[in-house]
Every structure is written in C-alpha cells, then in structure tokens.
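Open the model in your viewer and keep the selection panel handy. We will walk through it one stop at a time.

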Amino acid sequence: MKHIIKSVAAFITGLVVLTGCNNSNQSNSKSGALASNVAEKVYVAPGEHDEFYAFISGGFSGQLSVYGLPSGRLFKVIPVFSQDAEKAWGYNEETKPMLETSHGFVPWDDAHHPDISQTAGEIDGRWVFINGNNTPRIAKVDLSTFETTEIIEIPNSAGNHSSSFVTENTEYVVAGTRFSVPIPQRDMPIKDYKGNFKGSLTFISVEPEHGHMDIKFQLIMPGFDYDLSHPGRGKSHGWFFFTTYNTEEASTLLEVNASQNDKDFIAAVNWKKIEEYVNNGGGTMMPANYAHNVYDESTHMATSTLKKEVLTVNPLEVPGAVFLLPTPKSPHGCDVDPTGEYIVGNGKLSANLTVHSFTKMLDAIEKEKFAGDAYGIPILNFEDVLAGSVEQPGLGPLHTEFDGKGNAYTTFFISSEVVKWKLGTWEVLDRQPCYYSVGHLMIPGGNSQKPWGKYVVAMNKITKDRYLPTGPEVTQSAQLYDISGEKMELLLDFPTIGEPHYAAGCPADLIKPRSKKLFPLEENNHPYATKSEADTKVVRDGNIVHVYMTMIRSHFSPDNIEGVKVGDKVYFHVTNLEQDYDVPHGVSMIGANTSELLIMPGQTETFLWEPKQEGVWPFYCTDFCSALHQEMQGYVRVSAA
Ligand code: CUK
Ligand code: CUA
C-alpha cells in the first residue's frame, strides 16, 4: 500500500515538474524545480480527510464552493444567489423565497467575499457570510448543514463590494456600497452627482445564538466609491476600515482617470461610538425597500419579508466617529494585521505599499491634528498616520493576508506574484510567481487574530495554458503554496467554479463535529410533511392538487395517482422517510417546469407541476439509492379538464 502511495506521489510530482518546465513565463520561478516531496505535501490518501476547509467564492456564478486543503479536492458547491438544479435551490417551493428582492425574483448575483464568523477574534466555524454585489445582498450559510439559511438585501447600496466582513465577535457583518447613488433613490440628472450622490456603509447585527441578521444602522457617507473593508481587531476592535476611490465624486470615471487625486482615503469608522449613539435613540428612520429572507431549519421552508425603512446615521452628527486617512493611489484591499495595529492600503497604482498605524491614528485624533475636512469629516495627515511602506514590492497590489508570525503576504495583479514581507521592518522576504494575474489570496484564519499560517491559496484571474484546453472558456484557477518555511513553495494548481474572488478557510476540526448527518423525522415541522406511508394522500382544493408523498428504499407512496386534470396546479410535497446518513432520494416529473428534487433523510420538499396534456405520465427517483433504484417510479393519470 505504502509503495503504491509513494509511486503515485512520484508520478504527480513528475507531472508538476513537466508543467512547470513547459511554462515560458517563469524564468525566475522555482516551480520548474519543485522539490521531490511536493506531491506528498498535497496528497491525501483515499479515505483520509483534509486538514482544512476552504470556502471559495464563485464570483458571477453566485455560488460558494467548498474545497479541502491541501488536496484541492472539491466537496460541494453551495448555491447562494443562484438557482441550482442539483439541489433544487431556487426551484422548489421551499427555497424560491430566498431569491426574492425588492426588485422581484433575482436568481443570480456576483458573490465575492466569504468570511467565517468569529468569536473573540478567532474563527469559530459556525457560519460563512458572503456578499452579492449586483443586487446588494448578504447571505449567511450555516456550516452545520452547508446550506444558505438567510439573505438580507441592502437598501441605499449599489455594487455592495466592501462586504461581507465580520467583527471580532460577529457582532456585525458589514456591507459597504461600491457606487454612490441618490439616497433616497430618485429621478435626477447624472451630472449632478457631486454633493447629491451618497455612499452607505451598513452594519448588520448578528444575533449570537442563531445568527439572525438585522440592519442595525446605515452610515450615509460622502459620494465616493467604496471598495473593500476590514474590521479592526485586538487593540483596534470597535473600528472598521474602508478603502475608497473616486474621491473626486465624478459621475464618469474617465474624468477621474484624467485628474486622479494623488491620494484617496481609507475611511476609519468607530462603530462602537455609532452603536452607542443609535442605542441612545440617535439616527433617522428613512423609507427604504429591502427583502429579508429566512430559511427555517425546522420547517425546511423559507419566507421572504419586504421591509420598509432603515435607520440611517449622518457621520457629522457623531463627532469622533469617522475619519479619513489619505492613502495613495486607488487603494483596493484594506487589510488589518492580527494585532490590529497595522492597516494595509493596497494602492493599485502606487509604487509602494502603504501601511497605516492604528496607534498613530489615535494619537493624531487625540491631538486634533487634521489636514482639513473637505467633506465635513476630519482628514488626517498622511505622515501622521503612516506606519511605514514597503518600497516597490511589485506592481498592482490588491490584497494582503497574514500568517500570525509577523509576516504579510500581498498579491500583485500586474506583476502576477505573491510577495511576503515583514510587518514593522517592511522588508521584502520572498516572492513567488502566480499563473496568472492573482486577485485575492487566503491563509486559513488570515484575517483573524489567529491565522493558521501553513498554506496560502492564490486565486488567479487568468489561467491560459495551465490546464487542458476546453474551448475559448477555460477554468478559473487557484494555487496552493506552502508558507510554513522561510520561502514560499508552490504545491498545487486546482480548478475553481466561476470566478473566485475571496476565500475563507479554517481547520476541519472546527466544522466536522458540528456537521449534521440527517434531519430527524420527528423534528420535521414542514406543514406538508408526511411522516408515514399510512398518511400519504391526494387532496383537491379547486384546481389545486396537493400530493402528500413519501419516499423510502425503494418506492414512492402513492405511486399511482389518478384524478388530476389538465390545467391543475399539482403540488408534490415529498418527504424522505429514511433516517440513515447519506441516503437521499430524488424525484422528477416529466415536463415539470422546475428541477428535480434531491431530498435529504427526514426532509420535505415541494415542486409544482402544471400538466398541459392528457395522458399517463411517469415520475422516477433521480438518485441511485439502492439495487432497486431503477424500480423506484410511478405514474400520474391526467384527464381532460
Ligand atoms: S475583489 Cu476580486 S480580486 Cu471583489 Cu475582493 Cu479584489
Ligand atoms: Cu430512491 Cu433512487
């Protein structure tokens, strides 16, 4: 056995070396000379488990995918802001409400930044939050079921990009607008942007036990674009930092490109102060439309509620709550180190990487050393808050993560590399090429007080020749590096779903013990649940027909249904009576304008069928569940209306 593993490992190593040698773009790279033990470092033997979970965003697929590290194996794709025929997400009657918004049913979004909940500044493995950029939303995925259980729409927001990052005790998940827009929305000339369009930074409270989300307040900000954010931690707990661009407040960025401000800002927000203000009755209720969708684990059903108002706060009403830190030049990522002292502004067009000091910021605020307040908000002096800068580390810095050993890792999009540098001395320690044009990177826990600084995953924007060609569209790609030693070592390429932006990771041991194996039948509170075959029935109510159906290895009950008419709306409410781990059944109906249902043990799901033609129409189980799976089938007789 051991011998086989060794030779498989050697074979994989051989492949990696070959790929590396084939690559023209890496004369200075070490991947052409990978150490012989590289394959063993990512090899997880059959039946063994990976050490880490990685949750990688699916970008424009609207999904979140779950990988193991170090193997790079894909375990699951969780539909969030998408319809998914595999799981019937957004197709069955139970989950359709999850995709409702104030604009109606929107079964798509652009999902960028997953962030795992934290307790006392450390990843706790309970929930993953993720943003939808396009129709601004924040979703919560429960890591006991790996299902999306809540989605809240963000009013007065557009682009929703500097989202969804959590504070140290998951007090809040925070969502920042990308675009400034008229607040409240109204018909007005676009050219009158300046002074009229506003940004919004939304603080969504997270109830500690079940994670129920609610918008606590919305900070109405100057008309910048807000790019990314991160919470303070440790000494800077209670603060939140946001990068901005278009501080010119221009309606077309062509103009900005011509007259680019030398510096944009990192907005520092003392959310504790605003929370106190709001708790004392501060702020203004404003009309706003937004949907709040909740999936109930006990009924296995979602409900969508349209909310009508939101509490807004003007920062000028709360002195000492918001400050602007000048930061060159079009900063993208805004990353805070594990101690909470350093705030890294990744200026995309800047030659150097700017790092601000939280201590110096507080000091300058205390001494009231301000450079001005052009927007009514105090602007600090660049020199007063600068901790240091990494000189010419690379081109096009985007994002930074931390290993908890005093090192930072920054991605450079243009020079296509990850650069390791030292916090405090700002010296560059190592650099490794990425294939190609890296966006985000992720160290498990790398945006918490306690990173597990063993691996970094780079998520690349361009794949080109890294895999077998698949026509014009090639897979997106991630790369895994070992960062346990002094030098980074490339271990693995693995394909990803959609466009991965950010990812979040943590040790599997934080999640595995909480993982649900099935849904106990006695706890199923679905209003149409059928808990034994004896209770199955077909009930007509006008032209609506309810089929109370059960499934168990390997038959449906009832399996012959008569009395249905053309033009009826037939709801199949199907309960899986199994109580064993990993025995789902599926059900599908010919001509149904929906997907199949894949129903977990103890769960009830519903699909709607509207028969258009007389006849006798079959249905069958879609999931190979037993030796008699193929026999798991039935008929519905449809008569003339
Ligand atoms: S963004 Cu994609 S590479 Cu949405 Cu976090 Cu920087
Ligand atoms: Cu049940 Cu196949």
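Predicted model: local features only at pLDDT ≥ 70, side-chain atom pairs only at ≥ 80, totals over all residues.

Residues are numbered from 1 along each chain as its sequence is written, chains are lettered from A and ligands numbered from 1 in the order in which they are written, and side-chain values use heavy atoms, with hydrogens and water left out.

While cysteines are in mind, select Cys-506: this residue is buried at 0% relative accessibility. Cys-621 is buried too, at 1%. Here buried means under 20% relative accessible area, exposed over 50% and partly exposed in between, with a 1.4 Å probe and protein chains only.

Next, bring up ligand 1. Which residues surround ligand 1? Select His-112, His-113, His-161, Leu-228, His-332, His-399, Gly-439, His-440, Lys-461 and His-501, each with a heavy atom within 4 Å of the ligand. Colour this shell by class and you get 1 nonpolar, 8 polar and 1 charged residues. In this scheme Ala, Val, Leu, Ile, Met, Phe, Trp, Tyr, Cys and Pro are nonpolar, Asp, Glu, Lys and Arg are charged, and the others, Gly among them, are polar.

Now switch to a cartoon view for an open sheet of 4 strands, ordered 31-32-33-34 with antiparallel pairing. Strands are DSSP runs of E, at least two residues long, numbered from the N terminus, and two of them pair if DSSP finds at least two bridges between them. Strand 31 (438-442) and strand 34 (489-496) are at the edges with a single partner each, so one side of each has no neighbour in the sheet. Inspect strand 32 (residues 455-460) and strand 33 (residues 476-482), joined by 6 bridges; Ala-458 has Gln-479 in strand 33 as its bridge partner.

Move on to another open sheet, with 5 strands in the order 39-45-44-41-42 and mixed pairing. Its edge strands are strand 39 (560-565) and strand 42 (597-599). Strand 41 (residues 585-589) pairs with strand 42 in the antiparallel sense over 3 bridges, and Val-587 has Leu-597 as its partner there.

Leaving aside neighbours within four places in sequence, Asn-92 is in contact (heavy atoms within 4.5 Å) with Lys-87, Leu-597, Glu-605 and Thr-606. Asn-92 sits in the loop between strand 3 (74-79) and strand 4 (100-101), and is buried at 2% relative accessible area.
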